[in-house]
Structures are given as C-alpha cells and as structure tokens.
Amino acid sequence: MPKLSALWLSSLPADAAKAIKAGYKKAAAQGLDLSVTKARKPEWLAENLLKPFRDWDGREHISPAYAKKAALAYKKMLAVTRSIDAAMEATAAAAALEAMVTAYVDAFNKINRRSGIIETVEREEIYTVLVELLAQLVQHLGDQGAAQVAEAALLELFDRLREF
C-alpha cells in the first residue's frame, strides 16, 4: 500500500502485533503513523474475544453496570469449567457445576429484580451461553465428558432457579 499514511491497530493477538510492528518498522521510519497497542496474549483472547455478553453494553435498555455484571457472571462460570478436568472425581465435578449454575442464575435473578431488563432476547442469550459452555466442557473432557457433566440436570436446575 504505497499511499498508506496511518496504521492504528488496537487489541489484537500479540503475535500479530509483533509481526505488524516488525513488518512496518521501515515504513514507520519513513513517516508512516504507526500505532499498535493492547497486544493480547492467547489467554486474554480465549477469555474475552468471544465474550457472550459484550454486546449488552450499549443496548438501549441495559446500563453499562448490568452489562459488566453479566460479563462477570460468565467469567466466573468459565473459570469453574476450566477448573474441571478428566481426573476430577465425578461427585466433586457435579458439585462444582451445580454451584456454578446456581451462582450464574443468581447473578441474573439479582439483575432482573433490580432493573427488569431481562427480556426475551436476553433470556435466550443467558440460556444459550450456559448450554454452549456445558457442551464445550463435555467436548474438552472427551470420553468421560458426558458422564461427568449431567447437562440435562444442570439445565433443569437453571430452569428451576431462574426468576427472569
């Protein structure tokens, strides 16, 4: 791109940031306005790139504070699922997952009690996030996944506890 005068990139994978800085070093020395910031490590990307509630921030009826609470509920749930591995005892895994679902539902019950913002779309998103995370866990655990993760029972718990 011979007429490129500015290249500003933010929040991209660390290896891409490094390659771009190296690739455009000569052009930057010749006057290209180059800014590569917030290089993200793989761990950050895994946790935040596909954060399911990121688009709640900016929705007309959802305040940034509630969007942040939704993202935090997901982050806590993600941490629990990452702590479960194939070597973990089935009863311990089941207890951790039940506590996780209970905390997840409780977070959204509190949000809805205070604000009433959870409508049909949000309700479906909350449920879908749980279903997808459980499916990822089952896949991660491999052959023992279905035995360790009682998806149907956890989804039933979700339905029983939710007030939204």
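1. Basis. This is a predicted model, in which local features need pLDDT of at least 70 and side-chain atom pairs count only at pLDDT 80 or more, while totals for chains, interfaces and linings use all residues. Residues are numbered from 1 along each chain as its sequence is written, and side-chain values use heavy atoms, with hydrogens and water left out.

2. Helices α5 and α8. Helix α5 (residues 90-115) packs against helix α8 (residues 151-161) at an angle of about 30°, and their axes are 10 Å apart. α5 is therefore roughly parallel to α8 (angles under 35 degrees count as such). Helices are DSSP runs of H or I, at least four residues, numbered from the N terminus; axes are lines fitted to C-alpha atoms over the stretch in contact, with angles from 0 to 180 degrees between N-to-C directions.

3. Residues between α5 and α8. On the α5 side the contact (heavy atoms within 4.5 Å) is made by L97, E98, V101, T102, Y104, V105 and N109, and on the α8 side by L154, L157, F158 and L161. By class, this contact of α5 with α8 has 8 nonpolar, 2 polar and 1 charged residues. Ala, Val, Leu, Ile, Met, Phe, Trp, Tyr, Cys and Pro count as nonpolar, Asp, Glu, Lys and Arg as charged, and the others, Gly among them, as polar.

4. Helices α4 and α6. The axes of α4 (residues 64-83) and α6 (residues 120-141) come within 11 Å and cross at roughly 20°, which means that α4 is roughly parallel to α6. Y74, M77, L78 and T81 of α4 meet V129, L130, L133 and L137 of α6 in the contact. These residues divide into 7 nonpolar, 1 polar and no charged.

5. Largest pocket. Its volume is about 390 Å³. Of the 20 lining residues, A46, Y74, L78, L133 and Q136 are the closest to the centre. α3 (42-48), α4 and α6 each supply at least two lining residues, and the largest share, 8 residues, comes from α6. The lining of the largest pocket divides into 11 nonpolar, 4 polar and 5 charged residues.

6. Pocket terms. On a 1 Å grid over the protein atoms alone, a pocket is an open set of points where a 1.4 Å probe fits, with protein on both sides within 12 Å along at least five of seven lines; lining residues have an atom within 4 Å of a point. Points are joined across faces, edges and corners, and a volume is the space filled by probe spheres set on them.

7. Second largest pocket. This pocket has a volume of about 300 Å³. K69, A73, K76, A103 and A107 are the closest to its centre of the 14 lining residues. α5 gives the most to this lining, with 8 residues.

Terms used. Angles under 35 degrees count as roughly parallel, over 145 as roughly antiparallel, 65 to 115 as roughly perpendicular and the rest as oblique.
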